Amino acid sequence: MSITAPAAPRRIFTSDNTAVTAAATGQDLPYGADQLTASARARFTDVFEHDVDILPGSTGSAANALSLATLTPPWGSVLCHRDSHITTDECGAPEFYTGGAKLVPLPGDDARIDPGALHTAAHRKTGDVHSVQPSALSISQATETGTLYTPDEIRELARTAKDAGLRVHMDGARFAGAVAALGCTPAELTWQAGIDILSFGATKNGTMTADAIIVFDRTLTPELSFRAKRAGQLTVRSHCCCGR
């Protein structure tokens, strides 16, 4: 007597259009009041172990530029590595979105900012109306050359920045790879180390025409929301909890 093994479950592979269609099915409230946005915020809150706000955007460049505009006035400066993506590959978007703030490139081996150079730049000509005022620090994790900042290294840079009154942004285009390589939690690499706002890097992790800004300091959310609308980044499924 022969025994026939049960047939394996049939798998159907479809395009991303299937997910988009499913997400667009039925009725829901617009502009961040829908269930998908609420679900995304809850998931990010869980992943980062912190009550966050999120603001979806169309691209990583928009996420970086909007984040920096929220942290930096037109007369301010963003301190970043000389090889950073915001300096070399975003066609002036940060300067445009900030209304004219200046990117100040800093040195450092392997695309990582030198702590001494940051300390000097963070205090350069503060209070002098003839000079842009240091306003924000931006670091990339992982960096543009694939190197990594440890949590202690991020904490050192963030402490230097905040002692000088600067806010801290992280370009997380390769953030998931950094988490996996370092064996750290997302929390340890972000808000626990002093990061105020994160460009999540969703477009490099499988999303379609969507990225996300993760806000750890939620006092930044109202201004970020207005800037997103003004920049044409307020989609129907959009920001969370601006009015809370």
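This is a predicted model: local features need pLDDT of at least 70, side-chain atom pairs count only at pLDDT 80 or more; totals for chains, interfaces and linings use all residues.

Colleague: Where is Pro 186 placed, and which residues does Pro 186 touch?

Modeller: Pro 186 sits in the loop between α8 (175-182) and β6 (197-199). Leaving aside residues up to four places away in sequence, Pro 186 is in contact with Val 47, Phe 48, Phe 175 and Val 179. Its C-alpha atom is 8.4 Å from that of Ala 176, a residue 10 residues apart along the chain.

Colleague: How should I read aromatic pairs, and how many aromatic pairs are there?

Modeller: In general, a pair of aromatic rings is described by the distance of the centres and the angle of the planes. Here the count comes to six aromatic pairs. In one of them, Phe 48 and Phe 175 have ring centres 6.0 Å apart and planes at 25 degrees; planes under 30 degrees apart count as stacked, so this pair is stacked. Phe 48 belongs to helix α2 (residues 35-48) and Phe 175 to helix α8, so the pair ties together parts that are 127 residues apart in sequence. Both of these residues, Phe 48 and Phe 175, are buried.

Colleague: What is the geometry of the pair that Phe 48 forms with Phe 216?

Modeller: The pair of Phe 48 and Phe 216 is edge-to-face, with 5.4 Å from centre to centre and 65 degrees between the planes. This pair also links distant parts of the chain, 168 residues apart: Phe 48 is in helix α2, while Phe 216 is in the loop between β7 (211-215) and α9 (221-230). Phe 48 and Phe 216 are both buried. Ring pairs join Phe 44, Phe 48, Phe 175, Phe 200 and Phe 216 into a cluster.

Colleague: How many disulfides does the structure hold?

Modeller: As a general idea, a disulfide is a covalent bond between the sulfur atoms of two cysteines. The structure holds zero disulfides. Its cysteines include Cys 91, which counts as exposed at 86% relative accessibility, and Cys 184, which is buried with a relative accessible area of 16%.

Colleague: Which backbone angles deserve attention?

Modeller: Most residues other than glycine have a negative phi, and most peptide bonds are trans. In this model, Gln 141 and Ala 142 are joined by a cis peptide bond with omega about -5 degrees. Ala 142 lies in the loop between β4 (133-140) and α7 (151-163). A positive phi, near 55 degrees, is found at Glu 49, in the loop between α2 and β1 (53-57). Glu 49 is exposed, with a relative accessible area of 52%. Lys 125 also has a positive phi near 55 degrees; its place is the loop between α6 (115-122) and β4. Lys 125 is partly exposed, at a relative accessible area of 41%.

Colleague: How should I read a nonpolar core, and which residues of the largest one touch the most other members?

Modeller: In soluble globular proteins, nonpolar side chains tend to be buried together. The largest nonpolar core here has 32 residues, of which Leu 79, Ile 113, Leu 137, Ile 139, Ile 154 and Ile 214 touch the most other members. At least two residues of this core come from each of α2, α6, β4, α7, β5 (167-171), α8 and β7. The most is given by α7, with four residues. Apart from this core lies another, of 16 residues, among them Ala 63, Cys 80, Ile 86 and Leu 224.

Colleague: In what order do the strands of the sheet run, and which strands stand at the edges?

Modeller: Seven strands form an open sheet with mixed pairing, in the order β1-β7-β6-β5-β4-β2-β3. At the edges stand β1 and β3 (102-106); each has a single partner strand, so one side of each is left without a neighbour in the sheet. On average, neighbouring strands are turned by 25 degrees against each other, direction ignored. Strand β2 (residues 76-81) pairs with β4 in the parallel sense over four bridges, and Ser 77 has Pro 134 in β4 as its bridge partner.

Colleague: Which strands does α2 touch?

Modeller: Helix α2 packs on the sheet and touches β1, β6 and β7, its direction making about 120 degrees with that of β1.

Definitions and conventions:
Residues are numbered from 1 along each chain as its sequence is written. Side-chain values use heavy atoms; hydrogens and water are left out. Contact means heavy atoms within 4.5 Å. Rings of Phe, Tyr and Trp (its six-membered ring) pair if their centres lie within 6.5 Å; planes under 30 degrees apart count as stacked, over 60 as edge-to-face and the rest as tilted. Buried means under 20% relative accessible area, exposed over 50%, partly exposed in between (1.4 Å probe, protein chains only). A disulfide is a pair of cysteine sulfur atoms within 2.5 Å. A nonpolar core is a set of buried Ala, Val, Leu, Ile, Met, Phe, Trp, Tyr and Cys residues joined through side-chain atoms within 4.5 Å. Two strands pair if DSSP finds at least two bridges between them. Axes are lines fitted to C-alpha atoms, for helices over the stretch in contact, and angles run from 0 to 180 degrees between N-to-C directions.
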